[in-house]
Amino acid sequence: DNQVEAVVSTQSTGKEKHCFYLIVDESYSVGMLGAHGGGLLEMYNGKRGGEDIDILTGNLGNISCSVGGFCSGNNSVVTHQRLNGSGYVFSASLPPYLSCVAMAALQRIRNDDERRTTMNKYVEMAVSTFNKCKALRVRSDKRSPIIHVELVKQGDSVLDTERKLQSIVDVCAKRGVLLTRAKYADAEPRRPPPSLRISVPASLPLAKVEESLQTICKVAEELN
């Protein structure tokens, strides 16, 4: 649920003491977090070379608008992959075109500091705007580019709250602002509380971002 600090607190609990593997999914952080888009690894573990992380994985569909993913880790993890995953190299590998798309996207992420700076500025603006809104409050980490916003006044039930959030989504769409509710699989064992899921593209002009954020707040206050 975009809680960045969870990784830090997990590391601080002591892996050796409690004997667990730390698996970090960078699907929504590579390209967005870190000084050069290196994700959580760059933010918290860059100087240690990732030695505190046993398995690092990510979804290229989110990161690079391609398909597939990546998985890396310490020596024992990589050795296990090489010995037991060789068949998948041939049966589930990316087509050359999509491999080129992923590599080009990663290269652009590494070199496009200006877009990342703009995005971080928009995220800060969005968090500030929603925290001033009487009907909404931010639940996700303030640095996360995927912002989860929940109602200050919850409904009588989870279903009632989801209906209220969907009403906000529908009215915003009519006013030219596209957003969505956070949706989870029914089989999810620990589903987070209902929320709006908002992303602010770095490609939008500043005036449009300000207008869109104000529209979301205004609609939420009108309906709640």
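Good morning. I begin at Gly176, the residue with a positive phi, near 90 degrees, that follows helix α9. Please bear in mind throughout that this is a predicted model.

Let me turn to helix α9 itself. This helix has 17 residues, 158-174, and at 1.5 Å a residue it should span 24 Å; the C-alpha atoms at its ends lie 25 Å apart, which agrees.

Which residues of α9 are buried? They are Thr161, Leu165, Ile168, Val169 and Cys172. Their arc around the axis is only 100 degrees, and therefore they sit on the same side of α9.

I now move to a sheet. It is open, has three strands in the order β1-β2-β3, and its pairing is mixed. Strands β1 (23-25) and β3 (69-73) stand at the edges; each has a single partner strand, so one side of each lacks a neighbour in the sheet. From one strand to the next, the twist averages 15 degrees.

Between β2, residues 55-59, and β3 there are five bridges, and the pairing is antiparallel. Within this pair, Gly58 has Phe70 of β3 as its bridge partner. Helix α5, residues 75-84, packs on the sheet, where it touches β2 and β3. The direction of α5 makes about 130 degrees with that of β3.

Thank you for your attention.

Definitions and conventions: Residues numbered from 1 in each chain as written. Predicted model: local features only at pLDDT ≥ 70, side-chain atom pairs only at ≥ 80, totals over all residues. Heavy atoms only, no water. Helix = DSSP H or I, 4+ residues; strand = E, 2+ residues; numbered from the N terminus. Expected span 1.5 Å × (residues − 1). Buried < 20%, exposed > 50% of the residue type's maximum accessible area, 1.4 Å probe, protein only. Arc of directions from axis to C-beta. Pairing = 2+ DSSP bridges. Axes fitted to C-alpha atoms, helices over the stretch in contact; angles between N-to-C directions. Contact = heavy atoms within 4.5 Å.
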